Amino acid sequence: MTAPATTPAAPTVHPGGQQSGPFPGHPAAAARFIADVDRAHWHDQALWFVRVKRDRAAAQLPAWERLRDLAQAIKAHALSDLARYLEEFERNATAHGAVVHWARDAEEHNRIVHQLLAERGVTRVVKSKSMLTEECGLNPYLEARGLEVVDTDLGERIVQFRHEPPSHIVLPAIHIKKEEIGELFHDKLGTAAGASDPKYLTEAARGHLREKFLGAQAGLTGVNFAVADTGAVVVCTNEGNADMGTALPPLHIACMGLEKLVPRSEDLGVFLRLLARSATGQPVTTYATHFLGPKPGGELHIVLVDNGRSALSGRDPFRRALSCIRCGACMNTCPVFRRTGGYSYGTTVPGPIGSVLGPTQGPGAHATLPFASTLCGSCADVCPVRIDLHHQLLAWRKELVLGGFAPVGKTLALRLTAWVFASPWRFALAGRLARLALRLLPRGLMATLSGAWGKQRDLPPPPPESFRDLYRRTHGRP
């Protein structure tokens, strides 16, 4: 019997926390990921390892903080005059033989790409990693129209085999263990059963992808940077898959968000030095390929996509989020992301930057994301372009509460807290009651009373006296 149309389908949860069905909000999605304690711990440690590598790489560059200042200033300048720089980029790219297309939203982007492919009879496409095409849902759009789209980044190919989106913008399969990849490749590529050696599995994937490169009729890439004064686009990869995917077929389609623009070619040196170090702790990305016009006998089409970016640029509290260069450093350091996984965010871009961008696509659907943060500021500390992420998350919380999007229980709790904090005597009384409750009530009951916060935490033993009492006893009344 078919369920009524108004009944949402029960979500299906896959290893790593990815689920199909309606997004239940960050707390519920995170609870599913945390339920696998070993995976959650391993995920946390794996990302912290990358964060430590980032710190070492940054420390080896004496001008690191100066580069961050420059990057912040360059991005702020480019965003302040974005329309002029976009027109300059279009003129220069066109002068070098590229064809520039403008897409208002994801639907128009997908339609343009499909039309370019369909007009040339293309049925086989290889694609390098592009979070923009993930954002636009390009793969399912093209597959529904009979095209084969193969993601050629190894991590992206792994999650594509599993019919999952990336869980991290730089490390798309970071939630999957090598043993699981071995089982997957045994099923999809015919590797030996039980094999989990990374070198063996990588070689098998390389052989598989080489066949796809040779048979492709078009190559799709994202864009890391576009340069206004030359009309070039720059694509950074560690596997060289973007180069393979664009060197062989005659058609190259590069898809980029409007915010990827930098004014001058000399600005690239700043960002290329920041990007790899922030993302993976490498001195530089292995391949940083500059495309200036099509190759001889080929075509280069560049699709510029807005999809809400213009609207975001007009919102003062959040416009600096458009400076993001998608390095993923904020995710690697965020204690919430590390412990809850990328799928608990329900957005293409997860983590702190995703928690800022998500509500712009629909505050009702993503109202829980700005609250999925400790506001510790670690994300802002590692951001190569100094985006004030924790301040923006706080601003979102205010908007969501005032707009009625926050859960009623959270809204009431915040109002009660504000009422208590507004009065010295109420604050002192609340402290005394809390310390008394910690001493007298069973720990299980206290954990229940503290709600979701208490599920994963042990409440501390109560101090014998408050700071106010301690100060009065040792220093007298202030």
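Reply: A residue is called buried when its relative accessible area is under 20%, exposed when that area is over 50%, and partly exposed in between. The model is a predicted one.

Me: Which residues of strand β6 are buried on one side, and which on the other?
Reply: Strand β6, residues 218–221, is covered on both of its faces.

Me: Which residue of β9 is the bridge partner of G219?
Reply: Strand β6 pairs in the parallel sense with strand β4, residues 124–127, over three bridges, and there G219 is the bridge partner of V126. Strand β6 also runs parallel to strand β9, residues 251–257, with four bridges joining the two. In β9, the bridge partner of G219 is H252.

Me: In β8, which residue is the bridge partner of A226?
Reply: Strand β7, residues 225–227, and strand β8, residues 233–237, run antiparallel and are joined by two bridges. The partner that A226 finds in β8 is V233.

Me: How many of the 13 residues of α12 are buried?
Reply: Helix α12, residues 268–280, spans 18 Å from its first C-alpha to its last, close to the 18 Å expected at 1.5 Å a residue. Its buried residues include L268, F271, R277 and T280, and the helix is followed by G281, whose phi is positive, near 80 degrees. Helix α12 is mostly covered, the number of buried residues being 11.

Me: Why are R111 and E107 separated by about one helical turn?
Reply: The side chains of R111 and E107 meet in a salt bridge at 3.8 Å, N to O. R111 is partly exposed at 41% relative accessibility, and E107 is also partly exposed, at 42%. The separation is about one helical turn because the two residues are four residues apart in helix α5.

Me: How many residues apart in sequence are the parts that R309 and E135 tie together?
Reply: R309 is buried, with a relative accessible area of 10%, whereas E135 counts as partly exposed at 25%. Their side chains meet in a salt bridge at 2.9 Å, N to O. Because R309 lies in helix α13 and E135 in helix α6, the parts tied together are apart in sequence by 174 residues.

Me: Which elements give two or more residues to the nonpolar patch?
Reply: L436, L440, L441, L445 and L449 make a nonpolar surface patch of about 480 Å². The elements that give two or more residues to this patch are α20 (424–440) and α21 (443–449).

Me: What is the relative accessible area of H366?
Reply: H366 is placed in the loop between α16 (351–357) and α17 (378–382). Leaving aside residues up to four places away in sequence, H366 touches Y345, G346, T347, G358 and P359. H366 is buried, and its relative accessible area is 12%.

Definitions and conventions
Residues numbered from 1 in each chain as written. Predicted model: local features only at pLDDT ≥ 70, side-chain atom pairs only at ≥ 80, totals over all residues. Heavy atoms only, no water. Patch = residues over 30% accessible without salt bridge, like charges linked within 9 Å, V, L, I, M, F, W, Y side chains within 5 Å. Areas by Shrake-Rupley, 256 points an atom, 1.4 Å probe, with all protein chains shown as cover. Salt bridge = Lys/Arg side-chain N within 4 Å of Asp/Glu carboxyl O. Buried < 20%, exposed > 50% of the residue type's maximum accessible area, 1.4 Å probe, protein only. Contact = heavy atoms within 4.5 Å. Pairing = 2+ DSSP bridges. Expected span 1.5 Å × (residues − 1).
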